[in-house]
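User: I am new to reading protein models. Could you take me through this one, feature by feature?

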Amino acid sequence: MKVPESWLRDFVPIDLDVEELADVFADLGLEVDGVRHVGEGLEGIVVAKVLGVREHPDADRICLVDVDLGDSEALQIACGASNMSAGDLVPLAMIGTTMPNGMEIAARKMRGEMSYGMLCSPTEIGLGDDTDGILILPAGAELGVSLTEALEITPDVIWDLDILPNRPDALSIVGVARDLSARLGLPMTVGSPEVSETGTEATSLASVEILDPDLCGRFVARVLSGVTIGDSPRWMAQRLIAAGMRPINNVVDTSNYVMLELGQPNHTYDLAKVAGQALRVRRAVEGEAIETLDGVTRILHSSDGVIADGNDRAIGIAGVMGGASTEISDSTEEVLVELAWWDPMVIAVSSSTLNLHSEASLRFKRGCDPEIAPFAARRFGELLAETGGASLHPGVIDEFGNLPSREPVQVRPERVNLVLGTDLSAGDMADLIEPIGFSSTQGGNHSADALTVGIPSWRHDSTAEVDVIEEIGRMYGLARIPKTVPTSPRGGSLSARQLAMRALRRSFVGAGLCEAMPLPFLAPGDLERCGLSSGGYVLANPLAAEESVLRTSLRPGLLASVAYNAARRINGVRLFEVGRVFGAAEVIVDVNHSAEQGIVLAGEREMAAAVLCGSEAPEAVELLDGLLDVLRFGPLILVPEELPGLHPGRSARIEVAGIDVGSVGEVDPGVLDSFEINERVSWLEIDLSILLSIPTSVVRARPVSRYPSSDVDLAFVIDDRIPAASLLATIRGASEGLAESVELFDVFHSGDIGEGKRSLAYRIRFQAPDRTLKDEEVAGLRQSIITEVESVHGAILRA
């Protein structure tokens, strides 16, 4: 919204420079989008009369204009606009003039024709935003006089304020002035309109009927007669131009002036053109047509509101735009002015669906003051009596519909201070908001200190305690509130579980695996294909039949991903997934009725799983060792066991601290065949819900031995069903704490070593922290390991 500072001074005696006032606006929540100085830098711009307009001989978009400065001599000007004609008065910037934008005017040749000055558009001299043509001046101005004298232009500052949707009151000069008055502690003067009322009672000349009280909460109308249509006085035209509106005639300009000043949109009718001199407020009939003031015929919807005449013909779209049939014209003598309150949502919907937005609809859809209409009507009469010689008829047509209630709001001082970070008393708060129209009394429902705040009629947006708190903050001054960093009992950080999950994912990725994210929904039979039992939850409303079963294991999704890659000849993939599985359903039986009563979820469990294509079980065990080491869990125990869907001789349960936490091994060849996977696939699955609940071990640093180490390689032939990790644990146990590392470096299968047998080769590094191990000690350790492995696992040492 463009606000001339001179207009504000009509109500508040502001005495601040531009920078100071800009800071005040910003602190009040009225963001300054721009500041424009007008009436300055216009020296050298004079009034000229157009003698004739002709085409440029060598340019299509330039015309040659001959002008007279009052000395009866033609002066040629080359101009890009052509909206002027002979007899028009226009502003001419003489040679040597420096324009407000800094451009210096000089004699110039344009396509071979001389130009001895420049004709000015409204934008170029700061009198509007119209850039399409030259400013046409009012007739009667003296030729050759300065433009500032001819138009009575005085220097002014135009503020372009960004008014937020929750500040409908600030869409008026009075609303902005009210804020400034309260903040600066200056008196605000809004005088009572002085206008005499003569003639017949208005109620005898026109009538208003509200047929839809929800659409229109209030409808005020006044009648004026003896109107003479003409131009507005220069002071009014200048203010309208400064505010971004184009002067039309004294009646329309007065209507716009009252809207900008008081925030009350209004509409004027040529009363003689209103059938039956009656206005009827109703909803539109679906498909009803009306020609609006812009000359466009619009088709209305039943949600739109209309003003109809005595014949029930629509002559205006409620709150949006009037109709062309009752438009003010040069022959108008009697005017009916309408000032109404329309339901904001109806206006918002109408302007949107009709794609018809106006200054009036902007104010109506944000919420106008329903109590200002009678005052605005008298202000309209006062101005039109001054500009058009009109007489205001006595009597006010004032019809009511359903207006929204304005209940007082309970405000707790302690809540205000908590939200704002202030230390204000209830009295301080009342003093801050009363200058902007919020009444208050101490004592409320919450406590004796609470304030009961009355909301002014022009604040349609304020309905709750937080709205009043915002007003207290604005009036106190947001810049005055000290900036503080909110305190917290502890800084934000990741939980132990979150840290473990991140470490787990990093370990998988570090081992060369890629994360997969299959859907948790399976097709019927997918669990059975993986060698798992059926019994997963079946969705009652699946998006697709092939996604109707909740998974009980991560295996189906990972194997499906492996199969997808294998079908495209991509082998050796290494994938992992961290996700949730859903336990099999348990049926609750009511013993009293011996009938199934419902299904109880066994609970979701978070699992981690990995598939290593082209590798055997020991590689999955090695991956498991690395994961548990990163997560700082103690030594694991692998318990050989035939597990569903895994190779019967190459699978084991994983135990940590005596608790079963998952499984490791190789996928059963039959399962791989069902997925058409033609390579071995090792498998690892860990129940994170259990594992992460086990206490972790404390990692203690130990000194690095300075003494040399000795390596020994041992290969054992053992039964396929014995996990390699079991041998590793036995080797470590027999090494008397001197085995620095034990590495499985070879797995060998051959018919020569027996059916169901395999050879596991380990490299053992011995190192003492305090001495160099002698050959006899190393030989003794080697023999102890061989004896223990043969005794515990029935293994045979390979030569």
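User: Leaving aside neighbours within four places in sequence, which residues is T254 in contact with?

Analyst: Contact means heavy atoms within 4.5 Å. By that rule, T254 is in contact with M236, F380, L383, L384 and T387, leaving aside its neighbours within four places in sequence. Before we go on, some ground rules. This is a predicted model, where local features need pLDDT of at least 70, side-chain atom pairs count only at pLDDT 80 or more, and totals for chains, interfaces and linings use all residues. Residues are numbered from 1 along each chain as its sequence is written, and side-chain values use heavy atoms, with hydrogens and water left out.

User: Where does T254 sit, and is T254 buried or exposed?

Analyst: Helices (H or I, at least four residues) and strands (E, at least two) are DSSP runs, numbered from the N terminus. T254 belongs to helix α7, residues 250-262. Buried means under 20% relative accessible area, exposed over 50%, partly exposed in between (1.4 Å probe, protein chains only). T254 counts as buried because its relative accessibility is 0%.

User: Which strand holds A78, and what does A78 touch?

Analyst: Look at strand β5, residues 74-79. Not counting residues up to four places away in sequence, A78 touches I62, C63, L64, M110 and S115. A78 has a relative accessible area of 10%, so A78 is buried. Now pick out V419, 341 residues from A78 along the chain. The C-alpha atoms of A78 and V419 are separated by 63 Å.

User: How do I read the overall form?

Analyst: Start with the radius of gyration, taken over C-alpha atoms; the globule rule is 2.2 Å times the number of residues to the power 0.38. A compact globule of 799 residues would come near 28 Å, but this protein has 45 Å. Its C-alpha atoms fill a box of roughly 125 × 85 × 55 Å along the principal axes. The protein holds 21 helices and 40 strands. Of its 799 residues, 49% count as buried.

User: How many of the contacts link residues 24 or more positions apart?

Analyst: Among contacts with a separation of 6 or more, such pairs account for 70%.

User: What does pLDDT tell me about this model?

Analyst: pLDDT is the predictor's confidence in each residue, from 0 to 100. The protein averages 90, and 97% of the residues score at least 70. Over residues 585-600, though, the pLDDT is below 50. That stretch has 22 contacts in the model beyond near neighbours in sequence. Where pLDDT is low, the predicted coordinates should not be read in detail.
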